Structures are given as C-alpha cells and as structure tokens.
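Me: I have a structure to go through with you. Can we take it in short questions?

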Amino acid sequence: AEVAKIAAEAMHDYLMFGQKLVCKLVPLEELHPHTFKGANKRFKAIPWRKIESERHNKERSKGEETKRKKRLAAKDVKRNKRILDAGIQYQY
C-alpha cells in the first residue's frame, strides 16, 4: 500500500501523450473483488494459424462438397453475366 501511495503521488498530473494523468489511491473497501482476477495467469498464445489451417484442410462430407460446387457454379454464372453485360466476349 505504501508503494502504491508513492506511485500515485508521483504519477498524479503527469503528462502522457498530451493527456494529464489522474492517479489516486483506491482503498481496499472500494475495490471490486474481481478487479485483479486472473492477473497472475501466464499468457497463453492461441495458435490461430494452426486452428485455421486445420479448419480449412478438413475432410468435407458429400453434402458439403456438393453445396460448395453449387455455390462456385452460381458465382461463375454471375461472373459470366457481368462480363457479357460489359460487352466482353470471354470463354474459359
């Protein structure tokens, strides 16, 4: 508590990034019980790249595959229509 008091006094009215800091000591009675909940936990990095690659490369069922192919065919039709509307003769 004594270190916190010294820090609050030292940092009060400190100018940081063009803003004036307001520091004060909060008594334990006013402090919410969950304020520092989980503060001593070690940070665990989430392997997003691994998770996404597994999701992307997973085996798909027949239903999912047919749905994907239908969606791709619909996109192709829409794209070809836009190309024709632009007056471009294009076949692939």
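**Side chains, shape and confidence**

Me: How exposed is Arg79?
Reply: Arg79 counts as partly exposed, at 36% relative accessibility. Buried means under 20% relative accessible area, exposed means over 50%, and partly exposed lies in between (1.4 Å probe, protein chains only).

Me: Before I go on, what kind of model is this?
Reply: This is a predicted model, where local features need pLDDT of at least 70, side-chain atom pairs count only at pLDDT 80 or more, and totals for chains, interfaces and linings use all residues. Residues are numbered from 1 along each chain as its sequence is written, and side-chain values use heavy atoms, with hydrogens and water left out.

Me: What pLDDT does the protein average?
Reply: The average is 94, and 100% of the residues score at least 70. pLDDT is the predictor's confidence in each residue, from 0 to 100.

Me: Which element has the lowest mean pLDDT, and which the highest?
Reply: Helix α1 (residues 2-11) is lowest, at 93. Helix α2 is highest, at 97.

Me: Back to Arg79. Which residue does Arg79 form a salt bridge with?
Reply: Asp76, with the closest N and O atoms 2.7 Å apart. The rule asks for a side-chain nitrogen of Lys or Arg within 4 Å of a carboxyl oxygen of Asp or Glu. Asp76 is partly exposed, at 28% relative accessibility. Both residues lie in helix α3, three residues apart, about one turn of the helix.

Me: Why would such side chains pair at all?
Reply: Opposite charges can pair when the charged atoms come close.

Me: How many salt bridges does the rule count?
Reply: Five. Among them is Asp85 with Lys81, where the closest N and O atoms are 3.2 Å apart. Asp85 and Lys81 are four residues apart in α3, which means about one helical turn between them. Asp85 is exposed at 57% relative accessible area, and Lys81 is exposed at 52%.

Me: What about Glu52, which residue is its partner?
Reply: Arg55, at 2.9 Å between the closest N and O atoms. Glu52 and Arg55 are three residues apart in helix α2 (residues 48-56), so about one helical turn separates them. Glu52 is partly exposed at 37% relative accessibility, whereas Arg55 is exposed at 52%.

Me: Zoom out. How many helices and strands are there?
Reply: Three helices and two strands. From the N terminus they run α-β-β-α-α. The radius of gyration is 30 Å, well over the 12 Å that the globule rule gives for 92 residues, so the protein is more spread out than a compact globule. Helices (H or I, at least four residues) and strands (E, at least two) are DSSP runs, numbered from the N terminus. The radius of gyration is taken over C-alpha atoms, and the globule rule is 2.2 Å times the number of residues to the power 0.38.

Me: What box do the C-alpha atoms fill?
Reply: Roughly 80 × 35 × 20 Å, along the principal axes.

Me: What share of the residues counts as buried?
Reply: 1% of the 92 residues. Helix α1 is hardly covered, with one buried residue among its 10. Ala7 lies in α1 and is partly exposed at 40% relative accessibility. The accessible surface of the protein is about 9700 Å², and 58% of it belongs to carbon and sulfur atoms. Areas come from the Shrake-Rupley method with a 1.4 Å probe, and for residues only the protein chains shown count as cover.

Me: Which residues form the nonpolar patch on the surface?
Reply: Met11, Tyr14, Met16 and Phe17, with about 440 Å² of accessible area together. Patch residues have over 30% relative accessible area and no salt bridge; like charges are joined within 9 Å, nonpolar side chains (Val, Leu, Ile, Met, Phe, Trp, Tyr) within 5 Å. Phe17 is exposed at 80% relative accessible area. Its place is the loop between β1 (15-16) and β2 (19-20).

Me: Last one. How far does α3 reach?
Reply: Helix α3 (residues 62-85) reaches 35 Å from first C-alpha to last, close to the 34 Å expected for its 24 residues at 1.5 Å a residue. The expected span is 1.5 Å times one less than the number of residues. Gly87 follows α3 with a positive phi near 85°.
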